[in-house]
Every structure is written in structure tokens, then in C-alpha cells.
Amino acid sequence: MPSPRYHREIPARYRLEAGKCSDCGKVLYPARKVCPACRSQEMEKVNLSPKGTVVTSTVIHVPPDEFLNEAPYAMAVVETPEGARFMTQVVDCDPATVGPGMELDLEFRLIQKEGNSGILCYGHKGVPA
Amino acid sequence: MPGIVGYGAFIPRNRISSEEIAQQWGKDAATIQRGLLLKEKSVPGLDEDTITISVAAGRSALARAGIDPQKVGALYIGSESHPYAVKPSGTIVLEALGLGPEIHVADFEFACKAGTESMSVALAMVEAGRVDYAMGIGADTSQGAPNDALEFSASAGGAAYVFGKEDLLAEVLHTYSYTSDTPDFWRREGEFYPRHGGRFTGEPAYFHHVMSATLGILDRSGHKPGDFKYAVFHMPNGKFPLTAAKRMGFSQEQMEQGWVVNLMGNTYSGSSPTGLASILDVADPDDLILITSFGSGAGSDSFILRATDLLPEKQDLAPKVRDMLNSPRKYLTYGQYAKLREKIIVND
């Protein structure tokens, strides 16, 4: 990931900063300028709770090269108590046990390395609560 | 003097037993366990490093402190496994914790003493009135060369402390440091694993500095070993801290709660700070606590603390050390361990 883009995404990736539509209340992660539900441009900043529930999941057996040593690993669509949904890796467990309804804590983890000499990219992953 | 207003610790969930490592290298597991008093150790995942451990411990410390993160005016992280050679761990940790940007940040190194070093400077910043709150963290994903005695102990974990002047969980009553140039353990620039002086790491290094610092702070404070409910000394293995304690007149009972090394291993900069967190998890008001760290090179920092009436109501606000130690998620084979510690060379 190019460093400037990574830098712009730090509030969302590090602190789970999201956007909340001031008109309809929809919570969006990452934040957007326009609400996809009501088209409002009035958004406020909210921090998501570091927890969520698995909506759906899958197990990756043939990953991109940078995740080769992590396979097999679980990817899940997670919903936070605020109603925001996003995809994240679920770790510290047998990936086969990850499924809908599983309660997760969201922990700060290393997401990927840009090769042997690039920057380290951090964010949040799910861990069974 | 100011004191601790919040604390937290984090220990990765993977474990490898001393028996598994001994079996790999054809060593007698019973002899290792009897000699080093180590049953198992924590192992970081591929996605865990000093920065992620610092963030987890820091979040717990802020939860117990119950303060606005923006009021933290200084952040120091002590480690000998900072993920970057050039780029601070602290900048990433402060963003994740919601601190700053009006904050003084530094990464410290002093072998295994870097954690208490960061705590000392954080405490001093508050005491000097430069900041309202300061956070000091000790964390490591320790390196130990394959088939070296260090491989049985080098583990991962850390603890974070927020210092302030009001609403203290533990007052810091005294501090004392003892340092000399002693080449007992080192890692040169570009080297992957540290080297050590074998038995030389014992008497002239660990015991001389830990005992000089501990006896020094006892002398200056007028306290005797029997005054303390709890004591914790740096834990490079299970045996050294218990031997040092016995020589100075501390009992097994005083050492027990903070002696986490048999299940956690040596988390280097996070070792004695995590032992202290384990003590704070159970301490009662007015309990006196002694902590002495040790960093090769070599030096020791000692602190005398007294728990306050506020501590019990804060203990349950974040995960406790013994709970983390007693709930490992996965026991690794040596092959899995070698993969997670990136000891196996693979193509880019």
C-alpha cells in the first residue's frame, strides 16, 4: 500500500474512526462524505467499539503472496454494535471454527509488510471474545 | 511523589513448552525445567510485535486510568525489538491510543531494562510538572538463537503504566538506579540474534546489579524486606529472581504473585513490568510493593510503591495477567514456532 494512502487511512485503521449520518443515523466504516442510504452530506465522526459479531465468513487457503505464511486463515464480515460492517481477518483460533454469530474482540495487529524494506501496515483483526 | 493512575498488560496467546524445545535439540526436558524453572513461554503471532503489544497494554492502562487520552503529555516505549530500525514505535502507538499530537514521544533501549527506564522517565516528567499524565511501556518480542539456552525463555508480552498526580492506584514512594559497564549480553548492529557471556551473565551482571539496586533502595528508604507484601525482580529465567530474593531475605510468598516467568517466559523489557501488573491485579490498599528490573549492559531500576484505596475498584476494568497466562489458545510444535518467529528462510 503506498505510504500516502496508508497515512490518510490511519484514523480508520488505528482507532476505528467511522462516519455517522447526521440525518438518518447510518454508521459507515470507513467514513464517507455522502450517506449511501439518504444522500445526506452531513456526517459526524464516531469511534466504533472494539468488538463485533461475525455476519459471514470464509477460509482462505490460497492467499496473495504477502499472506502466504498465514494460510489457512479466516476472513469475516463483522458487524460492530454501532451497525457498521467491514471485512477483517479473524486470528488466534482455528479458522474452521469461525462462523456467523461468533463474538469477536477487535485487536490492533500488523496487517501486512511492504516486502522486506517497506513500511509496516497496522489495523484491526478479530479475535474470538 | 506522583504514582500510577492506570496499568495494563498483554501476553500473546500462543505457547510452546520447554519440553517441545528440548526435544527438538536433543536435550533433557526434565533437566531444563529443573534448572531454569520454565514450563512454557508465550510466542507472538506473525501479526504481533512490540507495537501491537504496546497498544493492547496501553488501551488497558487507559481503561483503568479513566482519563482523557488527550491529557497524556508524554509516551515512552522501552524495547529491544522495536519493529523499525529507523522510525519510532511510539508514533504508531500514540495514534492507535488516541494520544497527541501535542505529546513528547521517545523509544528507549537498554536490553531488558528499557521498560522500567520508560516508566522512570514518565514518572519524572509528571513529578517535574511538565505534563499532567505520562505513559511508560515495556514490551518485547524477544529474540533467542536456535539451540541456545535463551530459546527456552525468550518470549513476548508487555505492560503499560500511566503516571499522574491525582487519583493514584499506587503511590511511588522511592526510586533508585544502579548502572555499570558490564558486557554480559549484546547484539551488534545487523545481527539477528543476541549473544551472551554464559555464566558471566549471573554473578557480575544479574545478581550484582539487581541486588545493588534493591539493597540500595532499601537503605535509602529505611525499609526492610519483611515490610513488603510483594516483590518482583527481572525474570531472565525462573531461578535467578528466586535466588536473588532468597539472598536478600525475601520469601517465596512475597515473590509468588509477580513470578510469572514459568508460564510466560522472559519478555525482556516487559518482564518485571508484567510481574508488577500481576501484583497490582490482586494487591490490597496499603500493600507495599518492590520492583527491581535488570538490563544487560548492565543496570537495574528499583521502585517502591504503595497500593491505594482506589486500586481494588480498578482491577477488574481490564484483563488480568494471571487470566491471560492461564488461558493460552494454542500450543505450538517446534516447526510452527520456527515459522511464527520467522526462523525459516523463504523466498520473497
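Modeller: Helices, here H or I runs of at least four residues, and strands, E runs of at least two, are DSSP runs numbered from the N terminus. What follows describes a predicted model.

Take helix α3 of chain B as the part to look at. This helix covers residues 50-65. It has 16 residues, and at 1.5 Å a residue it should span 22 Å; the C-alpha atoms at its ends are 22 Å apart, so expectation and model agree. A residue is called buried if 20 or more other C-beta atoms lie within 10 Å of its own. By that count α3(B) is mostly covered, with 15 of its 16 residues buried. After the helix comes B:Gly66, which has a positive phi near 65°.

A positive phi also turns up in residues other than glycine. One of them is B:Leu37, with phi near 55°. B:Leu37 sits in the loop between α2 (29-36) and β3 (40-43) of chain B. It has 18 C-beta neighbours inside 10 Å and therefore counts as partly exposed. In chain A there is A:Leu16, not a glycine either, with a positive phi of about 55°. A:Leu16 belongs to the loop between α2 (10-15) and β1 (17-21) of chain A. Here the neighbour count is 24 inside 10 Å, so A:Leu16 is classed as buried.

Next, the sheet of chain B. It is an open sheet of 9 strands with mixed pairing, in the order β5-β4-β6-β7-β1-β8-β13-β12-β11. Strands β5 (104-108) and β11 (230-233) of chain B are at the edges; each has a single partner strand, so one side of each has no neighbour in the sheet. On average, and ignoring direction, neighbouring strands in this sheet are turned by 20° against each other. Helix α5 of chain B, residues 114-127, packs on the sheet and touches β4 (72-78), β5, β6 (133-141), β7 (156-164), β8 and β13 (297-307) of chain B. The direction of α5(B) makes about 175° with that of β6(B).

Within the sheet, β1 (residues 3-10) and β8 (residues 170-182) of chain B run antiparallel and are joined by 2 bridges. Opposite B:Ile4 stands B:Ala170 in β8(B). In a regular strand, side chains alternate between the two faces of the sheet. Strand β13 of chain B also holds B:Ala298, and the peptide bond between B:Gly297 and B:Ala298 is cis, with omega about 10°.

Chain A has a cis peptide bond too, from A:Ala71 to A:Pro72, with omega near -5°. A:Pro72 is in the loop between β4 (51-60) and β5 (73-79) of chain A. That β4(A) runs antiparallel to β7 (residues 103-113) of chain A, and 3 bridges join the two. In this pairing A:Thr53 faces A:Glu103 of β7(A). On to the next pairing of β7(A): 9 bridges link it to β8 (residues 120-128) of chain A, again antiparallel. One bridge partner is A:Cys121 in β8(A), which pairs with A:Gln112. These two strands, β7(A) and β8(A), form a hairpin with 6 residues between them. In the turn, A:Gly115 has a positive phi of about 70°.

Conventions: Residues are numbered from 1 along each chain as its sequence is written. Chains are lettered from A and ligands numbered from 1 in the order in which they are written. This is a predicted model: local features need pLDDT of at least 70, side-chain atom pairs count only at pLDDT 80 or more; totals for chains, interfaces and linings use all residues. Two strands pair if DSSP finds at least two bridges between them. Axes are lines fitted to C-alpha atoms, for helices over the stretch in contact, and angles run from 0 to 180 degrees between N-to-C directions. Two residues are in contact if their C-beta atoms, placed from the backbone, lie within 7 Å. The expected span of a helix is 1.5 Å times one less than its number of residues. A residue is buried if 20 or more other C-beta atoms lie within 10 Å of its own, exposed if 12 or fewer, and partly exposed in between; C-beta atoms are placed from the backbone.
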